Amino acid sequence: MKYEKLFEPIKIGQHLVKNRIISGPVHDYMVAPDGHATGACIEHYKYKARGGAGIVTVGECAVDGKYAITHHHELALDREEVLPSLFNIAEGIKMYGAKASIELNHAGYFAHAELNSAKVALTPSINAEFSSGNVGFDQILKAGTPIEMTEELIEEAIESFAQAAFNVKTTGFDLIFLHGAHGWLLGQFFSPLINKRTDQYGGSLENRARFPLRVLERIREKCGPELGIEYRLSATEHVDGGITVEDTLEFAKMIQDKVDLIHVSCGSVASWNSLIYTHLPSYIPRGNNVYLAEAVKAAVDIPVTTIGAIVDPEMAEEILQEGRADMIAMSRGILADPQFPNKARTGRRMEITPCVRCLECLNRMMFWLPLRCAVNPVLGREQQFANLQPPAEKKKIMVIGGGPAGMQAAITASSLGHSVTLYEKQGRLGGALNPATVPSFKSDLKRYLDHLIYMVNQSPVQVKLFAEGSKEAVKKENPDVVIIAAGADPLIPDIPGITHPSVVWAGDVLTGTKKTGEKVIVAGGGHIGCETAVFLAEQGKSVTLIEMQDEVGFDAEMLGRAVLIRMLEENNVVVRTKEKITDISDKGVTVADRSGDTCTIDCQLDVDSIVLALGMTPRINIVDELKDISPEVYVIGDCRSPKNVGKAVHDGFNTAITI
C-alpha cells in the first residue's frame, strides 16, 4: 500500500508541509528545572524529525512563569536566556524537512502554584464546579485554591500568550500549537462547567469564547501571518455540564479565520472518566474520536486534524481518503517508532514498531519522570544512543527463551553484529505474550507480538523451536554469552484441593489449552485476572472474580483500570474483594475474608471451574542450573522478575547493548 493521501503535501497557513503526519505534543520531562532545553531534549526532537513526520511539535510549554506553570519540566517561553535552547530545538527539527511547532499552554486552575512566582493559580471562576471535588488531576498536579481572574489578570494572560508566541517565532519555530483543550485555561474559559462568570467573559457561548478569541487576535497582531497557528480544542468534555459538540461547532466557526489548523480532541483533566477518551487505553477501539474531527471539518473551511490512538498507516490513510480529516496527529504512534512515516512511505510497513497503548509514556508523567516507551527502549535516551557503535569484539550469543525479552535481546545483539542463536522450547515464539494477546480487546499487543516475530525472522538470528535451553544444549552450542530469558511459571497457592480437576491456569484458558465450564471463579484480581474474567464473561459464562486486596485491577495503569472495571460491570462479572480461596473440594469452594471469617461459594459445587490468575514466579531452577555455564551469563525478563512487556523489552535491549 502506498498511502498516497498520507504523504500528500498540504498547505497550513503560509507553510507547505511535506505530508499529513503530525508528531503530536507529548510531555518529555527532559527540560532543566530552570526552563532550558537540555541536550537530551534537543536530540529527542531531532530523533522525531528524522523519522519523517511533516510537523514535529514540542510538548507542553508555559506561556509565563508567573501563573502558567504546571510542573518542573516546562520550557520557559518568557525568559530571554532560554531562547537559544529553543532555537536549537527548532533548528534540529527543521534540518530534516519537518515544520517546527511548539505547544503554548496556561494551566489556569491546574497550575502548580508553588512553581509560579505569584504563588497562586488562576481560574475563570472561583465557584467552578470542579472545585467541589470533580477533579481528575487535582492531587497529581497539586492544584491549590485558585483566585478568580480579574479583567486586569485576563489582559495579562492575553499578553503572556502573545509574547510567548513572539519569542518562539524569533527562535525559528514555524508554528505554534495553542492548547485550548483538556481543561487548561483557554478551555476553562470556554467550558460552561468551569466558567461561571457573569461579565463579558462568561455566560453565553460568545462570551465564553471571548478570552480565547482575544488571545488569537493578539497573537496574530504581534506575530503576523507568517507564524502558523494551530488550535487544539475538546469537541466534547464528556462531562455533564461541560463543552458539547454543538458548542464546539459554533466555536470552530468563530476561530477559523484566526487560525490555520484545528486539532480536534476531547475530554478534560477535570474528570478521570473523561480522560479515558482523551488518552485512549488499549481497551477502547482505536480512532474512537475521529467522528468529532469529521463533524468539525464539515463546519469549517480550514484544515482539521484528528487524534486519538491512530497508530497504523492503514487507518490514517482511510480517514484521509474518506475526507474525515485533513491531517493525522500521532503522539504515541511516533513515540513507539519515530521512523513510522519513513517506514510507511518506503514500503517497510511490517518494520513499524506498533504502539501497544499501555500508556507507559503518560503514567511516567504522574511521577515527573523522563519520557520512556515500553516498546521503544531508545525513546528519551536518544542522546545516549545517538552514536551507538558496534562492539569491537563480536561474540557468539545463545538466548534461551523466545518471549519479548529474549526476542528483543536477540534482535538488538544481532543488529550490533553478534552471532545469535535463539532457543525456544515451544513451537512458536512469543512466550507469555501468546496467552496475553488472545482476547479481542488485546489486538494492539497482538500486533506487537507479530511485529517482534517478524523482526526476528528478518534478522540473522538463528531460531531453534522445540529446543530446550538445557545444560547439554549450552555445552554443545559453546557460546561466549548466555542470555537466560526463560520466563516464569504461574503461582500456585498451597491450599487443600489445588489439584482438583476443576482448577486451571488463566494462560491455558486463554490459549484454549484448557476449557472451563459455564460457571467460573477467577482467583486473582490483577489486570490478568480481570482480563480473563471479561474474556470468559464475553462468552456468556457466569463469572465471579475473587481478590484478596481492597480493589481489583490494582496493577493496571490508571486509565486502563477505569475501563477494565467498567468492562467487568458491563459483562456482569461478580467482584468479591478482601477474600481469598482457602479450600477446593467436591463440596464447594471455600473463601476467607481478611478477618478470618470463612464462607463457601455454592456448596453444591455448581461452580464448574476455578481459574488461577495469582501472578507468576521466575523459573529460578533454570537460572541455578546455568548461572556458571558460560563466561558471561545474563538473566532477563520474567525469569529475573515478572512484570510487564515494557520491562521485558527494556531488559532485552539494555543487556544486548552492554555485551
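Hi everyone. A quick definition to start: two strands count as paired here if DSSP finds at least two bridges between them. Keep in mind that this is a predicted model.

Five strands make up an open sheet, and reading across you get E16-E15-E14-E17-E28, with parallel pairing. At the edges sit strand E16, residues 462–465, and strand E28, residues 632–635, each pairing on one side only. On average, neighbouring strands in this sheet are turned by 15° against each other, ignoring direction.

Strand E17, residues 481–484, pairs with E28 in the parallel sense through four bridges.

On to another sheet. This open sheet has five strands in the order E19-E26-E20-E21-E22, and the pairing is parallel. Strand E19 (503–505) and strand E22 (574–577) are at the edges with a single partner strand each, so one side of each has no neighbour in the sheet. From one strand to the next, the twist averages 25°.

Who partners E19? That is strand E26, residues 609–612, in the parallel sense over three bridges. Within that pair, Val503 has Ile610 in E26 as its bridge partner.

And a helix here, too: H21, residues 527–537, lies across strand E20 (519–523), strand E21 (542–547) and E26. H21 runs at about 170° to E21.

Thanks, everyone!

Note on methods:
Residues numbered from 1 in each chain as written. Predicted model: local features only at pLDDT ≥ 70, side-chain atom pairs only at ≥ 80, totals over all residues. Heavy atoms only, no water. Helix = DSSP H or I, 4+ residues; strand = E, 2+ residues; numbered from the N terminus. Axes fitted to C-alpha atoms, helices over the stretch in contact; angles between N-to-C directions. Contact = heavy atoms within 4.5 Å.
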